[in-house]
Structures are given as structure tokens and as C-alpha cells.
Protein chains: 4
Amino acid sequence: MSFNTFGHLFRFTTFGESHGPAIGCVVDGCPPRIPLSVEDIQHHLDRRRPGQSRFTTQRQEPDAVKIMSGVFRDEASGTDVTTGAPIMLLIENVDQRSKDYSEIKDKYRPGHAGYTYDVKYGLHDYRGGGRASARETAARVAAGAIARKIVPGMTVRGALVQMGPHKIDRAKWDWSEVDKNPFFCPDAKMAKFFEEYLDGVRKSGSSIGAVIEVVAEGVPAGLGAPIYAKLDGDLAGALMGINAVKGVEIGDGFATATMSGEDNADEMRKPDRTLGNDGKPVFLSNHAGGILGGISTGQAIVARFAVKPTSSILNTRKTVDRYGNDADVMTKGRHDPCVGIRAVPIGEAMMACVLADHFLRHRGQVGEATAWPFEKK
Amino acid sequence: MSFNTFGHLFRFTTFGESHGPAIGCVVDGCPPRIPLSVEDIQHHLDRRRPGQSRFTTQRQEPDAVKIMSGVFRDEASGTDVTTGAPIMLLIENVDQRSKDYSEIKDKYRPGHAGYTYDVKYGLHDYRGGGRASARETAARVAAGAIARKIVPGMTVRGALVQMGPHKIDRAKWDWSEVDKNPFFCPDAKMAKFFEEYLDGVRKSGSSIGAVIEVVAEGVPAGLGAPIYAKLDGDLAGALMGINAVKGVEIGDGFATATMSGEDNADEMRKPDRTLGNDGKPVFLSNHAGGILGGISTGQAIVARFAVKPTSSILNTRKTVDRYGNDADVMTKGRHDPCVGIRAVPIGEAMMACVLADHFLRHRGQVGEATAWPFEKK
Amino acid sequence: MSFNTFGHLFRFTTFGESHGPAIGCVVDGCPPRIPLSVEDIQHHLDRRRPGQSRFTTQRQEPDAVKIMSGVFRDEASGTDVTTGAPIMLLIENVDQRSKDYSEIKDKYRPGHAGYTYDVKYGLHDYRGGGRASARETAARVAAGAIARKIVPGMTVRGALVQMGPHKIDRAKWDWSEVDKNPFFCPDAKMAKFFEEYLDGVRKSGSSIGAVIEVVAEGVPAGLGAPIYAKLDGDLAGALMGINAVKGVEIGDGFATATMSGEDNADEMRKPDRTLGNDGKPVFLSNHAGGILGGISTGQAIVARFAVKPTSSILNTRKTVDRYGNDADVMTKGRHDPCVGIRAVPIGEAMMACVLADHFLRHRGQVGEATAWPFEKK
Amino acid sequence: MSFNTFGHLFRFTTFGESHGPAIGCVVDGCPPRIPLSVEDIQHHLDRRRPGQSRFTTQRQEPDAVKIMSGVFRDEASGTDVTTGAPIMLLIENVDQRSKDYSEIKDKYRPGHAGYTYDVKYGLHDYRGGGRASARETAARVAAGAIARKIVPGMTVRGALVQMGPHKIDRAKWDWSEVDKNPFFCPDAKMAKFFEEYLDGVRKSGSSIGAVIEVVAEGVPAGLGAPIYAKLDGDLAGALMGINAVKGVEIGDGFATATMSGEDNADEMRKPDRTLGNDGKPVFLSNHAGGILGGISTGQAIVARFAVKPTSSILNTRKTVDRYGNDADVMTKGRHDPCVGIRAVPIGEAMMACVLADHFLRHRGQVGEATAWPFEKK
């Protein structure tokens, strides 16, 4: 994995700055003959797109994606399909509001990457966050839309499960609620509460953190690999690599520190086709989050990640400028009071990309699926 | 990163099974002319070595490392130094207790990787956990001992901060205590408590989880890279990739979900040489854990990870065998009641390897350090 | 190195098809603060551009490059410089002549990749060669223009040294002639001859092969690495990977098979500053082409590669169609009678990219240059 | 590909110096359930082993390989098979003749890598060539023995086709002769001639170059990939990376520079099962060496490479020492008068590794083979 490339066999390379002419990505290693239309990708970009409620930045970006390469009309089916060549996806920036940057271009905003970019590279594009802007994540969502089509039968969904100290009631989890509120919240009652709560945060010029959960269902057993290509290791790297993420858990996560071996063990029962599990063993629980020894068990893959509050707040903070002087700084302009919200489709995309990559890597090394259970000789 | 290789410029590849003739690793990309002796490596292996207290597995392995290549006598200094060639480190297995495997070779132990290895590869070496055994982590510790010598001035230390529901008192943190108790616990009083607590767990044939914290000091600002080579992303992948780890946090981690932007911001003040910070800005807090935008700030890098309880317990659990039949299983034999303990030197090693790799990658792309603060033109 | 990515620390990923909307590349790992303008890149693209003489395809493509990201105004110098972020270079296709593809879309042209793409992927974009078109090499030349700026003091130049059976007279080699004739030929007299010779080939509807030599001067000693990152191995891979190349040599190449050890040895003399070699030893010959043990010696790096004749010819050949039937095929339309000509700037670009990558990799692993000669203790 | 690692999905990492305790490799990414015994590997090591005739170095190394990991007894078949885990192969050095190195340790031998290692790393292990010794190639041959078992039905064979200016008569090519003479020469008459010829070279204390040809048969169409993972590009990199190789050709190689498009085109005819080509088209020639557009055509893959004469000769050459003084040097001791001979099994091994890697990469990206010819809709 290089600086701006994610993945191994299925991989994508992103480019672009917040206020440059465009952002986008090149997806490489995609299998051929997968039907792919602009709509397949646009659907997921629209879920991430800012400016759709008062709870996200008011920057207006249509995030209209163009497929620039790698797709061709398949004569047999009459539809556009991937060809195995790299797929370049281009998203033009249209709302790079021209403004006076003199206030922020020399002063570091605490919690932003301005200082670290400067100390590493000697300069940085400060306009709208430049390369560090969350706009880069649109390219991830676009790549993820392709990844979702690679593992047959796989579904990846995400939801916001905590905002500030307020957790949802997991007993009330309803996936169909997620797209009905501006928070991707699966608990309708809590979504109502978040509306009021976040309005308060927003109006005070402050911001708040959140926890997101992403779940992949229909993932075949056997994906991942022991040691340094563990599915959980790669997921953790992918999710921690999303802007503003500070923690990642798989399955029961940090709670396992408090558990006994008995409580944590996911017991197994023999395959039971009436449970629709297709010849595979039945697990009586999923504390492991669908991964054992770095390899998928066939259960749902479950991960959570914590998103810190935006550092862009209206209150003045102490800082320094790039010339080494003390200063005060206050971030004006458009921002998200809870960046965790829009992290939901991004988390889904990263999980889909990790799983697509491992699906291809597994097929490469091992080929056809093993015929479990084995026959006794 | 391939299946059994970790890292990019500084990288190591491990090999070996728990009950094979040996385990070890090949370290590649190490800079030349770094003094390196067996003792440098053995010191850290001895910290991880089992059988040193009643709280770890009673398997007796001296874990004596041999340097098989990549080191040569430097005439100028008269000491053995790295040559830039690959360094092969070999650790022979000596206590592969021969025993009857008929009980476990066909039955999966809940929480172990036996089922996922079988369903992926069609077979697995079940003796002592085979490739999935924690013995593989000795090779990581050995590689980490070399990594520690690469970043000038860097120190990486770790400690156990929670066992079961019991957290240490951070106000009592004393690094000098860590090597004085069998738990790597920095709080002397809590170490006493853990002794009794873990004896109870052990005698009941059960096991318990833990939380480990690793801290790197003396890390220069500017290591890491935005987007897909983020320092926090790579650390999360590395730590989650340790056996039995289920959660990773950087800095304030999951607690940031509950914080406001004001509370989470690490304010900055101008360089103050009386504080010994060498021309770099002073941060008034370190909620970020030393990383902003994926790049080190120059503060201490702080990460925590949760280790689940061992699945090897004396109590019977429901399972299936590899032929698809229901079964009961109980793990006899040597095991760790709290595998989290020995994860301390392993976590240190993985953090050291990530930082050494990023130190070299940064030097490759950027070269000499930037002269911050900049001069105003 | 993945399917469409070249390089390790300095790397680029290309995309686009001959008759799609655009081609281009994303350059990643470029050091920051390197001055970079459109003109720096356009200059080299113009040398490769088709339609400039009657000896190359008449397709009219301005090959106008746009820098879409990764460059920002440096306040200190007032010029545009790289930022360390990925640099996306976009070249729009403007002369995708619409035509009737019914003749070739189902029939394979011998020597073209149509059959192998089809048998691998199940379909291919047949318009103008699709992804297999030489248009993709424009993206390489663009990336190479950036690579040239990375190794201080390095110059990479190329020349055509053979067309068909006709070799240039190496005693008449004059670099200043190379850009004065349409063949990049360093021997003015031979260039005159080639004009007539290639006109004959062109008019007969045939094509002819060529040999290209590329030379890098000013390359510091010590770049490359033993074993699997050898400079010569990487150069061979890079040059053989150019469309239509069938052979690669370093230094004396295949001629060394006929040489004795005495003749092949490049003898050395002590540093002689009057020869301007800056404290490094003087080599009395350069049979090795500037590389020993995979590492640069400080002499000129010299490589040659053979380019096969275009398979696109006006004479009918026997073939099959994609449905498994016998057929005859003839390629109408625009083509190059000697594709080797335009391979000159492409070969230069690939050599520059290999050297830039190794420059950064060397700096990463080893850091500062070694102070050779050593002091005797 | 890193410094000491070769390949992508199927990959191996080598270690060890000529006069250290051992050399060897770690093979990673090998598919599981492939039968593998020591004999499978030893057979090929024995072909490369020195000291078997007066035409190779008299160093006596049994090159006895041990499989240290990655293989386990398969209960179903009762044979040892790969498990998917890394396979470490260890070859101990036994004939590191202790001798006085004072003559060569400070003086560079022209044509050797001593100077470039020194200028790069600041020191090198001069004993027997250290890491630059041809002993490292034993590890390649061992890895290649595993690679040969990965592509079903594939055979890789090599032969010496030229020594000094003397080429074999290709009309007399008989594969069964190759293992009957000490030169791997497929032309029995020429093998006789080489015996006398090389004796003359050897007795004069000189050395001579050679050309080797390697051929892979039974390679399915569709392996390789366009652009930067071309099969020919990867083969060229792999073969040029063998010690002392200075040129590589695929198919007709440099001769294509002199050919017309008509002569170079490999015409095709429809599948003809009487020719045993299994539903695939019949090619009427193989100028391309089995590769078009970087992808295998299903024909034999043919490559040749030139090996320079050993620089270790008994005649005195001018050189410098590591302290920058002029000196004379003469190489005493054991050496090969024609290192090209032993390059035959090494070339085979590298070709097998490239093909095994591409076989897995293709299976990863594309999955099942395409059903060519297509059905017309």
C-alpha cells in the first residue's frame, strides 16, 4: 500500500484537493465483465454528499461522477461492463467558494493537519483543507461502489450508533430506518432525539463525536489470511485511516477485555439447512464479529469506529502560526457539527473495498472454495 | 504487504509453526552500519518468553535467537553491524511436548482459528496451534528489536492498563514498575491486586481479557503520510493484527465520541527551548495521541488495544468436528489465563516496526527534515 | 507493482483507452517543493506526439496535459511546486476518428493483443487498440517528465541506433543531431538514409523494427540494490514493458556472451579530480553499462531495446475471428511504419522513472551518501 | 517487490551470504494442498550444484535443503502437502573454506560488485562474494521447484545455446541431450566441442560468456496483464536480475528489429483438435515467444538471456582499493570459467516463479478461464 493507493489485488488510487479542479480515483484490478453504470456509483455518492440537511456542511457539491475508462459495451448482454482495465472516476469540484484565506493560511487550527503537513512537506494547500479535506472521501465511496459488486451476495451497511454520550437502543435496531433520517440512525426514536441534540451543538458553534457501526453480510467463510493479512487487521487499518477516526473495534471489541473465556467463546453447532446456512456450521453467538485468526467465519463481519468531533469550531483556540509565533484562531465558514454522520457511507465503502480485495486474494491463492465439511477417510 | 510480510521499506517476513523445528523471520530493508548483537534482540525476546511466572503458559522455550545473515564485522568500529542485506533470525523450538492430539485434531475449539484455517485451506497444522500459535509473535518481537534501533532517539514502551474490569490508576503510573511485576503493570498497587485476581481466574480454569497501552517517545514530527499510509491507520492495522486483539485506539480513542471540539482540540504555543522541545511548537494537551492527519506531531505516540480472553479454557464448550458433527470440547494442557500480559512486548514491537518503516519512507520521499518554523519573506 | 501501477516509492498509475474521453496518470510519492509547470511536461509529450512527420501515424492529437492536483503556489519562491500529494495528469483524446469498426471488431490482427485480451478478460475495447494502444505511453512520458526532476544533476537521453538491418555509425554519434531529424537519430548521415529507406517501407504498406539506446548521465553511484531490486533488472522490466519491445540489453549486452573476462572487465583507477569525477574512482571502460551487482557505479547507465515492426500493415494475413472461424484480415487506417521511432522518448521516460524510484528508495534505506573513499584506521 | 523479495501473490524472500552459516528462502502465497517433498526441491538444486564437473567451481556444497515450515501431513492422501503457510527452505553452507582474505578484502575486483556495495552501504561482506555470491541463486532454484508445481501441466526447461561466439545448431536440438553433458547443451555434437573449448578457456585462467534459452510449455493463454504487469516485462526483470546477465530477449528478440511486419506476424488458424490444442486457435509461427500485449497466447513461452564472462580470472587487472589508491588485483581460488552454464536451472526457476505468480494473479482477478471461442449472439 502506497501513500495514496489502497488495497492489493483490488486497489484504488485517489487524487485531488478540496479546491482544485477535481477529485477522483483510479480503480485497478477489478474483475472483467461486471455490469457497471454511473448510477451504481452515484447512488452511494449521493448518500455521502454534503449540503443535504442542516447537519452537514452547506458546501453544495453535486458530486457527479464520470466514468473515464475501463468500461465497455458488452455485445452479449448489451450492457456496459468492466473490461479488467483501470477505471478512472472523475468528480469535478464546483463549489470552491472563493474567499479570503489570509486569516487561516498562516495559522494552524488545533486538531487540523495543517501543522503536520507543513512540518513534513514544507508547505500545504490550505484552501478548504486541501488534500486533508473530507472531500477525498468521495473518491473512496466511489471506489467502494465498485467493490460492492465483486463479492457475490455480499451486502455492506452502516449506521450511527452513538453521538456524544448518547447511544442508540440496540433492541430497536431497524435497518429500514437508516435512510429515513439525516443521521443514518437505525433507532427511530433516537434519531428524533439527535435532531434536537445536534441542533444545540450546531447553534453553540461547537461539534461532537460519534460512533459508527458497519456490518457486512453474505461474506463467505475463508476470506482473509493469518498473520499480516488478517481481515481484522486490514479492516482496522482501513477504518482508522478515515479522517477523524480515533478508535476501531471488531465484534465485541474493547468489551472483550472484561470478559471471561467462557463468555467470549462463540459455540458451534452442526450445519442445519433449515437455518439457511448452506452446509456451514451454526455459531450460537458472534462475539468475534465474524473473524477468527484473521479469517472470516461466514458470520456477519461487524466493526465499529469512533469519530472525533470536528476541530472546525466557532470558538477561539490558542495556536501558533507557521513562523513560530503565538496566535489565536477561530474557524469561520461551512463545517459539519458532527462529521461522524457522513462517515457512515465512507465506513461502508472501506469495508467493501477490504472484503473485495480479500475475495480476489483468496481466489488467487486458494482457488475454488474448500468442500467443508470434510469426508472422513 | 503480503500474507506473511509486514511493512514496506523496513519489512519482515515470518515463518514457522508452534511444533515445527523452528520459527523466525527475515528482516529486509534495514539501513546498513547499525550495530547489532544477539543480546540486543534476546533482551526483548526474554521479556515475551513464556514460563517465567505462573501467569503464563508453562511451555519452556529459551527462545534463543541466532543471527543467520546480514551482519558483518565493521573494521572501523570493531563491532558487528548490519550490512543492508536481509537479516535472518532463527529461533528453534525445543519444548514441543509430544502428546496425543487425537482429542483436538478433529474438533474445533470455539474462539480458535482451527475452523477458519480448515475452511480456507482444507487442512491445518493443529499441533500447538500451528501457524496460529502465539509463538509466531516471538519473530515479531525479534524484528521489533531491530526496528527500535532505526529511529534515532526513539523509545517505545508498553504497559498493561486494564485486566478484566479493573483499570489501573493513571495517576500512579510509574514506568519503573513495569518490569518489576509479572503483568507489565505501571501501578504497583494494582499489580499486587492483579496477582490475586489472576490466580483466581487461573484456578477456575477460566481466562480474562486485558487492555495494553504502548507509547513511543522521541518520534520526530512529520512521520506518516496522509490518506492510505496514515501513521494511525498503519498502527491500527499492526496492533489489530496481533493474535486475540479486538480493538485499537489512538490518543483519546473511543472517548472522543463523547467530546466536544473544544475539549478535543490540542492547543499550541510557540517553541520554548526551556521546555526542551527543540524549536518545535508546544502542545498544551495530547488528545490526538501524537498524530494529526495521519502524520506525527512530535508528541508521544499513544495507542491502546484490547486483548480478548484466551479461548483455551478448562470448561467444556459446544462445538463441531471437521466432519460436520456436533461435539463437546475442553482444552487441556498449558495455556495463558490472560494472554494480554505477553502482548505488551509484542505491541511495543509492532509499534516500533511501524515507526521504523515510516521513518525510512519519509526519508525516501522527503529527505532532510523541513526547517520549521519558516522564515517570513 | 500492480497491473497499472509502475514503481515503488516514486510510482505512477495510468488509465484510459485510445478512443475513450481521456488518458492520463496519477504520480504518487513525488518529493515536495519541486518546481513543476505544464511546460515541463508538455515539452516531452510534444516529442512523442504523433502526426509530426509522415513517418508516424497521422492521428492528430495535441496531447495537451493538464495538472489536476498535487501542485501549489510556493509563497517563498513564487512558483508552482509539488506538495507531496498525488499529481494527476490528464490528457484528453480529441481525434478519436469515428469509423466503421465492423471489419476489425471480431477479427484478430496477428501480432496484436486482441486475442489475448479476449481470452483473458472475455471482451476488449477494440476501438483504436483500446487499452493496448500506444496512446497509453503518453502517460508514461508525462510521468517521466516529473521523474527527470527528482535526481539532481541527472540527464536522460535516447536515440534510435538501428532501423531494420541498418545500424548507425557510433563514431558519428552527435547528441545535437537527435532532435534535428524525425528519427531521433544521432548520426546525421544515417538520418538522411533512413528518410528514404522508411519512405520505401511506408509506401509498400509494410513496417520495420528498430533498436533504441537510452543513456542516463549524472546518476550517483549506489542506486539500485542487490538481488530482486537490481537496477538492471528493474530497467529491463521497464523497457521490455513498453509496447512492441522484444529485447533489452545493458552495457555490452548480448555481445558479452562472446567476450572473455579480461575484455569485459572495466578496470579502475584512483579518483582524479582533473577528470571531474568528484572523488570517485575512474573507470577505464564501461562494458557494464554503469551497473555492477545491480547497483550504479557512477558511470553512464546505458541500455538498448529492440522494437518489433508494427503488426498493422496493409497486406492481408491469415487469422481467426472471436467465434473460432478462419478469416483474412488487413489493417487499414493510420499507423506508424516504424513504431520504434516514437519509442525514444518513451524509453527515456521509463529509464527516468526507474532511476527516480531508486533514488528515493536508496535515500530511504541508506540516507546520506557514504563518504567513499574510506579512511584507513 | 522489495529488495530481497521476488513476486507478488506467489513470492519468495531470500537470505544468506556465501560464507555465513546458511542461505535459504521463505516462500509465501503458495496454494495449499500441493504435495511437496524434499526430493521435489533437491532434484533441481542438484542440477545447479557446483563441483560436479571440472567446468564449474570446485567448492563442494551438498546444497541439502530442509523444509522448515509450511508443510503438513494430509490425512486424506497420507502425503506431505503445503498448508498455505510460509515455507522456509534452509540450505546450510558447509564448504566455506577458511582462507586469507587480506589480498582481496580491500581491493575491488573489476566486474565484481565490491565497489558498488561499498559505495552504497559503507561496507560489505567480502568473504566469497558475500551476498553478491552466486550461492544466493540456490535459494531461487529451491523456490522455483515449488513454483513448478503450481501451474497445472506446465513444464519449464532450459538449455545453453551459445558459448563465446559458438552457437548450437538449432536443427539438432534434442531436449534429451541436455542432462547428458555438463553444459546443459541440447546439441550433442556441440557439447563435445564445448568440452574442448572450455578446457582451453579454463587452462588459460580466463573466462567466457554464454547465452541460455528457457522455454515454458503448457502455459494457459491469458496469463500476464497489460501495461505494468506484462508477462514479458516481468520475465525480463526476473532474468536480467540473475547474476551476470546483461541481455534478455523474448521470442525473436533483437532479430525483430530487422524484420518486416509481414515476417513478424504470427498468423492464426481456427482450433483444430487433431493438433491437440484444446479448442484454442492454431498459430502458424511463434515469433512472439508466446506473449502478445503482455499476455500469454497459449504457445510456448520462449526467452533467452546473455551471461557475461566471470570477472574472476587469473590475469592481473588494474583497480583501486577502498581507500582510494591504485592497485593491481588477481583473483585466485575456485571459480567457474563459464558461469552461464549453471545459469540454466536458475533461468528455469525464475521463469517458473514468474509464471506461477501470474497464474495466481490471473485467477485472483479473473477467476475461471474464459470460454473462448465465444458464441455469436
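Predicted model: local features only at pLDDT ≥ 70, side-chain atom pairs only at ≥ 80, totals over all residues.
Residues are numbered from 1 along each chain as its sequence is written, chains are lettered from A and ligands numbered from 1 in the order in which they are written, and side-chain values use heavy atoms, with hydrogens and water left out.

**Stop 1: chains C and D**

**Stop 2: the H5 pair**

Stay here and select residues 231-240 of chains C and D, helix H5 in each. Helices are DSSP runs (H or I, at least four residues), and strands likewise (E, at least two), numbered from the N terminus. How do H5(C) and H5(D) cross? Their axes come within 7 Å and cross at roughly 160°, which makes H5(C) roughly antiparallel to H5(D). Axes are lines fitted to C-alpha atoms, for helices over the stretch in contact, with angles from 0 to 180 degrees between N-to-C directions. Angles under 35 degrees count as roughly parallel, over 145 as roughly antiparallel, 65 to 115 as roughly perpendicular and the rest as oblique.

Now show side chains. C:Asp232, C:Gly233, C:Ala236, C:Gly237 and C:Met240 meet D:Asp232, D:Gly233, D:Ala236, D:Gly237 and D:Met240; contact means heavy atoms within 4.5 Å. Ten of the ten residues of H5(D) are buried (under 20% relative accessible area, with exposed over 50% and partly exposed in between, for a 1.4 Å probe and protein chains only). Move to chain B and you will find H5(B) largely enclosed by the rest of the structure, with ten of its ten residues buried.

**Stop 3: H1 and H3 of chain A**

Select residues 38-48 (H1) and 136-147 (H3) of chain A, whose axes lie 8 Å apart at an angle of about 140°. That makes H1(A) oblique to H3(A). From H1(A), the contact uses A:Asp40, A:Ile41, A:His44, A:Leu45 and A:Arg48, while H3(A) brings A:Thr137, A:Ala138, A:Val141, A:Ala142, A:Ala145 and A:Ile146.

**Stop 4: C:Thr137**

Next, pick C:Thr137 in helix H3 of chain C. Is C:Thr137 buried or exposed? It is buried, with a relative accessible area of 1%. Beyond its neighbours within four places in sequence, C:Thr137 is in contact with C:Arg48, C:Asn243 and C:Ile346.

**Stop 5: the cysteines**

Finish by selecting cysteines. How many disulfides does the structure hold? Zero, over all chains, where a disulfide is a pair of cysteine sulfur atoms within 2.5 Å. For A:Cys185, the nearest cysteine sulfur is that of A:Cys338, 11 Å away. For B:Cys25, it is that of B:Cys353, 8.6 Å away. A:Cys185 is buried at 0% relative accessible area, and B:Cys25 is buried at 0% too.
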